[in-house]
Amino acid sequence: MSGWLERFGFALGRALRAFRPTASVAIASPAKSIESGPPPESSNLGVFALSDAEMAERKVSAITIGELELPTGEIVACDPLITGLSRPAFSRKVKPGRYPVILLQAQGRIAAAVLRFGPGLPIRWELATFVPDRPPVYKSEFLEFIVDDAVASFMDKSVLTLMSDQQELDDYLADVACTIDRFCIDSPIEGNPINVAMFDTGYGDGSYRSFWGLDAAGEPLLLMTDFEVLENADGRENNQAADG
């Protein structure tokens, strides 16, 4: 397999060099990738089956912003300005390691955030749900996360207990979130490899869902949070509803 996913997804990162490449899954079109599993609840998962030329034609670009340290393999995705118990981890865990963070961009916006765990194209998709650590406030609470400040983040669950004072942690996350220029990866404690990835969210505030891309054995190859800028894996403006 070649193309943007190979170049940005697993060409860098010492964690991924430990993986043994699996056989590529031949997927001729985005639709075929999406149809290979249960209904994925997103029309944009087919973006991972696109070639470089198709990405360019659809006005979608990809940038790797660095690597995220995941010492526990428990991933938190959240608005970093939402505090405390509103930051549950995803139910699925990944192998602890350091993994590339890739942002898809279209129309001058960040369309999706991706963590890449291994080589190959997903053959099925699964909605990424959160650990229900308390009774839900609303029905879909553990199926998505709310953004109120136009910024989202990926971090290891251990970040939430890295500082003994919860207010100190909240202040740190707020300081970084309020000063980023579209995206960043930042380390809370000098000399400690643990870090946090932050990025703008598409059109801003909203409720955003994430999806696991799985291999034939049901193991995660990638995690994607869709910020609903793309439509049918297409970033051209005539495929997007008017700005809201």
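User: Before we start, what does "buried" mean here?
Analyst: Buried means under 20% relative accessible area, exposed means over 50%, and partly exposed is in between. By that cut-off D170 is buried, because its relative accessible area is 10%. Keep in mind that this is a predicted model.

User: Got it. Where does D170 sit, and which residue does it pair with?
Analyst: D170 forms a salt bridge with R87, and their closest N and O atoms are 3.0 Å apart. D170 lies in helix α4 and R87 in the loop between β2 and β3 (89-93), so this pair ties together parts that are 83 residues apart in sequence.

User: And R87, is that buried or exposed?
Analyst: R87 is buried, with a relative accessible area of 3%.

User: Nice. How many salt bridges are there?
Analyst: The count comes to 7 salt bridges. One of them joins the side chains of R98 and E67, at 3.3 Å from N to O. R98 lies in strand β4 (residues 97-106) and E67 in strand β1, so that bridge ties together parts that are 31 residues apart in sequence.

User: Which residues are linked in a network with those two?
Analyst: E69 joins in: E67, E69 and R98 are linked in a network of salt bridges. As for cover, E67 counts as buried, at 14% relative accessibility.

User: What about E74, what does its side chain meet?
Analyst: The side chain of E74 meets that of K157 in a salt bridge, 3.8 Å from N to O. E74 lies in strand β2, while K157 is in the loop between β8 (151-156) and α4, so the two tie together parts that are 83 residues apart in sequence.

User: Let's switch to glycine. Where is G73?
Analyst: G73 is in the loop between β1 (61-70) and β2 (74-78). Its relative accessibility is 0%, so G73 counts as buried.

User: What does G73 touch?
Analyst: Leaving out residues up to four places away in sequence, G73 touches R92, K93, V94, P96 and D156. Take K93: it is 20 residues from G73 along the chain, and their C-alpha atoms are separated by 5.2 Å.

User: Now the surface. Which residues form the negative patch?
Analyst: D165, E168, D171 and D175 form a negative surface patch.

User: Where does D175 belong, and is that residue buried or exposed?
Analyst: D175 is in helix α4 (residues 166-177). With a relative accessible area of 52%, D175 is exposed, because the cut-off for exposed is over 50%. Helix α4 also holds D170, the partner of R87, and D170 is buried.

User: OK, zooming out. How many helices and strands are there in the protein chain?
Analyst: There are 4 helices and 13 strands in the protein chain.

User: And how much of the chain is buried?
Analyst: Buried residues make up 52% of the 244 residues in the protein chain.

User: Last one: what share of the contacts comes from residues 24 or more positions apart?
Analyst: Looking at contacts in the protein chain with a separation of 6 or more, residues 24 or more positions apart account for 74%.

Conventions. Residues are numbered from 1 along each chain as its sequence is written. This is a predicted model: local features need pLDDT of at least 70, side-chain atom pairs count only at pLDDT 80 or more; totals for chains, interfaces and linings use all residues. Side-chain values use heavy atoms; hydrogens and water are left out. Patches are made of residues with over 30% relative accessible area and no salt bridge: like charges are joined within 9 Å, nonpolar side chains (Val, Leu, Ile, Met, Phe, Trp, Tyr) within 5 Å. Accessible areas come from the Shrake-Rupley method with a 1.4 Å probe; for residues, only the protein chains shown count as cover. A salt bridge is a side-chain nitrogen of Lys or Arg within 4 Å of a carboxyl oxygen of Asp or Glu. Lys and Arg count as positive and Asp and Glu as negative; His and the chain ends are not counted. The place of a charge is taken as NZ of Lys, CZ of Arg, CG of Asp or CD of Glu. Buried means under 20% relative accessible area, exposed over 50%, partly exposed in between (1.4 Å probe, protein chains only). Contact means heavy atoms within 4.5 Å.
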